[in-house]
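The sequence and model are shown first.

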Amino acid sequence: MEMPVVNRCEATSCAYNRDRMCHATAITVGDASHAHCDTFFTAPAPGGDQGTVGRVGACKMSDCRHNVQLECQAPGIDIGYSQDEADCLTYAPA
């Protein structure tokens with residue numbers, strides 16, 4: 001199984017974000033009740049690998065229609081702000 005790619009990330013204050021692209025090797029989405037990007041954090045220096053495009057390593061949103069056994073099956077996801085949190089905008093309740 002290939003991990004879904006993070007197509008776009010609007011959380012520009014995240015340490016892994018450069019030019020609205022995620023450069024974490026893999027992110028985790030959710031905490032069973034909210035589809036936030038669990039990998040999001042701020043830091044004084046950029047993180048990740050500039051040559052890497054982020055992918056979804058794990059998704060805890062078992063009620064999402066793209067989730068099969070806590071693995072995301074969407075071809076790709078978008079991360080953006082919902083209120084003041086970086087969320088998976090591809091999340092869709094089953």
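Two strands are said to pair if DSSP finds at least two bridges between them. Helices (H or I, at least four residues) and strands (E, at least two) are DSSP runs, numbered from the N terminus. The model is predicted: local features need pLDDT of at least 70, side-chain atom pairs count only at pLDDT 80 or more, and totals for chains, interfaces and linings use all residues. Residues are numbered from 1 along each chain as its sequence is written, and side-chain values use heavy atoms, with hydrogens and water left out.

Three strands, in the order β1-β8-β9, make up an open sheet with mixed pairing. Its edge strands are β1 (5-9) and β9, each of which pairs on one side only. From one strand to the next the twist averages 30°, where axes are lines fitted to C-alpha atoms (for helices over the stretch in contact) and angles run from 0 to 180 degrees between N-to-C directions.

The parallel part of the sheet joins β1 and β8 over four bridges. Here Val5 stands opposite Gly76 in β8.

The antiparallel part joins β8 (residues 76-82) and β9 (residues 85-88), also over four bridges. Tyr81 has Ala86 of β9 as its bridge partner, and Gly80 is partnered by Asp87 in β9. Two residues lie between the strands of this hairpin, in which Gln83 takes a positive phi near 60°.

The UniProt record, an unreviewed entry, places the annotation "domain: DUF1540" on residues 8-40 and 59-91. UniProt positions are given in the numbering used here, feature names are shortened, and annotations may be inferred rather than shown by experiment. The two stretches are set out below.

| Stretch | Helix | Strand | End C-alpha separation |
|---|---|---|---|
| Residues 8-40 | 0% helix | 27% strand | 14 Å |
| Residues 59-91 | 0% helix | 48% strand | 10 Å |
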